Number of protein chains: 2
Amino acid sequence: MKKIFLILILLPAIFSVYSQDADSIMIKKIYNDALSDKTGYENLRYLTKKIGGRVTGSPQAAAAVEWSKQVLQNMKPDTVWLQQMTVPTWIRGEKEICSVSSSIFGDCHLSICALGTSVGTGIDGLFGKVIEVKNFEELKNLGSKNVTGKIVFFNRAADPTFFYTFDAYGGVADQRVHGASEAAKYGAIGVIVRSLTLADDDFPHTGVMHYEKGIPQIPAIAVSTKGADFLSGWLKKDPQLNLFFRTTCRQDADGISFNVIAELKGSEFPDQIITLGGHIDSWDIGEGAHDDGAGIIQTMEVLRLYKKLGIKPKHTIRFVMFMDEEIAQSGARKYAEQVELKKEKLFFAVESDRGGTTPTAFSIKTDSISFNHVLKYRKYFEPYGIYHYLTDGSGVDIGPLKKFNIPLIVLVPDSQRYLDYHHAGNDTLENVNPRELQLGSASLASLIFLLDKYGFK
Amino acid sequence: MKKIFLILILLPAIFSVYSQDADSIMIKKIYNDALSDKTGYENLRYLTKKIGGRVTGSPQAAAAVEWSKQVLQNMKPDTVWLQQMTVPTWIRGEKEICSVSSSIFGDCHLSICALGTSVGTGIDGLFGKVIEVKNFEELKNLGSKNVTGKIVFFNRAADPTFFYTFDAYGGVADQRVHGASEAAKYGAIGVIVRSLTLADDDFPHTGVMHYEKGIPQIPAIAVSTKGADFLSGWLKKDPQLNLFFRTTCRQDADGISFNVIAELKGSEFPDQIITLGGHIDSWDIGEGAHDDGAGIIQTMEVLRLYKKLGIKPKHTIRFVMFMDEEIAQSGARKYAEQVELKKEKLFFAVESDRGGTTPTAFSIKTDSISFNHVLKYRKYFEPYGIYHYLTDGSGVDIGPLKKFNIPLIVLVPDSQRYLDYHHAGNDTLENVNPRELQLGSASLASLIFLLDKYGFK
């Protein structure tokens, strides 16, 4: 009797130990396969080298939709479908050019690119004197009398002392996003913006900008950080130098594009949906390897790992290649809109859009009970270098799902190199390390495996 | 009375809070300066681009001694001196060549390099049939009758499933280090060894090898991993193919070289010495940027940071650029020998020789009380991504100090990319990220700051 009693008391503990052990084994299998298998990196090679940069509305973006649909179908999930939406179409046009001419030191070239959604200068280009400012306050103090008819040069450098480079980015992004309209308010004819990066090199970094309603739309370009330092130095020598730049970018008519979605049906709760995704569009001057080829490949890899290792999810998992993250987030909005329309039940959502470097943390936006529950899984991730759990979560594509009051989770890789490549010509396959990329795939697969199995309580 | 009593009770707590706060401020200053200042990266640029690869005994190694002495002197420590030793001199000779010829599929080229300290083939090169093995056991089973007169191809791949890539390296290093003598025991005339890396590319990786006494010395080369896969495939198609390689490397007479040492005198315990170092020699086919340019720069940076921020150490700090880590460790032995000879008192020693990537951990070889004491400082390093503390510590250059029974500490950066560059042609400046490098500098400076101030108990 006593023996049976003891066994009954110990039973949950025994099961728990057994179960934990089985989880460790499965997680080890997931990481081992991710680190050994070359499919993910070869898929990234195709996406970056055969398709390349894929701005929303471009033929490359359309090719990426077709390709990712095919890749997902080949992995044999339960379903793959396209979710249609209207997207903006912005065309970069010819390779941009920019030069400085000075009566003191002659002519010099600068490495620039048009900012995304900017109007172009037209084929004649734009000439003007330059006025350098560090921020909008300085611009305001200069006022129309100093700014009218000039090109405003926003040259506030990102702060290198932030450990997390996205914080440095956040501190300077206003120049790129709102600089043109702010400068136009004081009569500027164009803006040239220091690239939002901590690297000291000659790559200009593009990225979206917005025109304020009712303000004249003036052309906006980014200049490399080296170029910005040169220009600033030249202006000190010759404040009367002339800047010339030519951009033939333009807005075209809206087009049609798609989110690409694959689904693994849940065995116990098929109507409760786990969403995992990254964005399939990218900027065009690089190959969109880190941003967000990495997130796309990792999303595909989670599906591949589930199929290969025979993991049957309890809840339905949706693998979403979101369209149009970079410009208008129409893919993210469409996905959320359809969830609402179809009254779908979401369980939680996960996004990977911070590059394909070594994972260091998860960010989990949820209530404290659920957050603390996730912390119980720390031990599974520490052998793979993930020690940190943040709460600032969310991402651009899963952000609109916040209203459904579900946990929003983001993979946080080491950010040190990320801004070196972000929106620039060097965001290429060569700068993504296969192991770092695949540690991300395995980390996502493992976390989803645990949360699908045990939930958050 | 009660009030005074309370104040007296709270006094230590107040001081402790104040002191911790001052430490936080200093550590923040250290990281901020390291991340903002370009000196370290520019020094690395000089070492890699102007001096380049610097094999022990080479003119480049001598130039690196002179240069580092100058850089350290310019930083104005209390003293800088050279510590002389005898070093081996191995000369690579002409660029190595290797080709395969087959009556079935014709001629093909392979990317190879001689292994460090290998004998050369001479200008006529070496021809032979090839026998592929995965390990010494297989070689033994094949025996002399299958091996005599042939070139042994060691093709065991590093295991990608290890998270920490040094573990993968450890699992295959025997092929490079002992392969030649093992093969020669069965009559082989040369060995070609799969490069010790997890990268799938065409860079051959050199590194030291050792001949066993009394065994014939046969030429040894490394082949890139892609090359190894090709060769293995070709051997399946044509086991009778002929391999040719030519290496003109040779051992020269021993030379004289130096450890370069700078010292900051301790204000309270000048006779107790903290040793911090990396190695100034490197392999020659790359620039020795990660291995160990990074460790050299970080060591110099700690001195620069101490001087710039006005930190006065209580104990004497020695900044040591060890010579000859890659071949015979004569610098490490000389340093330990001199400590013993001069009856110097060591406090603890720190080494950086695992590459210039983002720091993730410290490894601390000491007793458990001291180890647990170091753990109290975790909070200072977590904001900079260091969460992990290991006990497997030590490094090649501080290893000989173990007999003095002092704590041996090693900086452990993210290892994922390290083997991609290790001892290969792509160990270049371009593959070292300035922020990742400088996080290492700041982490070393901060840990030494805390341990110098508070010790281990």
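**Domains of chain A**

I started with the distance between the two domains of chain A: the C-alpha centres of domain 1 and domain 2 lie 33 Å apart. I kept in mind throughout that this is a predicted model. For the bounds, I noted that domain 1 of chain A takes in 30–90 + 253–454, while domain 2 of chain A covers 93–248.

Next I looked up where the two domains of chain A touch. I found 15 residues of domain 1 of chain A in contact with 16 residues of domain 2 of chain A. On the domain 1 side, helix H12 (residues 418–421) of chain A gives the most, with 3 residues. I then sorted that side by class and got 7 nonpolar, 6 polar and 2 charged residues.

**Chain A as a whole**

I went through the secondary structure of chain A and have 13 helices and 16 strands in my notes. The C-alpha trace of chain A spans about 100 × 40 × 40 Å along its principal axes.

On burial, 52% of the 457 residues of chain A count as buried. I also checked contacts in chain A between residues at least 6 apart in sequence, and 82% of these join residues at least 24 apart.

**Helix H9 of chain A**

Which residues of H9(A) are buried? I listed Ser330(A), Gly331(A), Ala332(A), Lys334(A), Tyr335(A), Ala336(A) and Val339(A). I followed these buried residues to their partners, and they pack against four strands of chain A: E1 (79–91), E10 (250–264), E12 (315–322) and E13 (345–351). After H9(A) comes Lys343(A), and I noted that its phi is positive, near 50°.

**Trp81 of chain B**

I moved over to chain B and looked up Trp81(B), which sits in strand E1 (residues 79–91) of that chain. Is Trp81(B) buried or partly exposed? I have it as partly exposed, because 13 C-beta neighbours lie inside 10 Å, and a residue needs 20 or more to be buried.

I also took a distance from Trp81(B) to Pro204(B): the two are 123 residues apart in sequence and 36 Å apart in space, C-alpha to C-alpha.

**Chain B against chain A**

Last, I turned to the interface between the chains. Here 20 residues of chain B are in contact with 20 residues of chain A. On the chain B side, helix H1 (2–36) and helix H13 (434–454) each supply at least two residues. H1(B) has the largest share of that side, 3 residues. By class, I wrote down 7 nonpolar, 9 polar and 4 charged residues for the side of chain B that touches chain A.

The same surface serves both copies, as 100% of the contact residues of chain B recur in chain A.

Note on methods: Residues numbered from 1 in each chain as written. Chains lettered and ligands numbered in written order. Predicted model: local features only at pLDDT ≥ 70, side-chain atom pairs only at ≥ 80, totals over all residues. Contact = placed C-beta atoms within 7 Å. Nonpolar A, V, L, I, M, F, W, Y, C, P; charged D, E, K, R; others polar. Buried ≥ 20, exposed ≤ 12 C-beta atoms within 10 Å, placed from the backbone. Domains from an automatic or database assignment.
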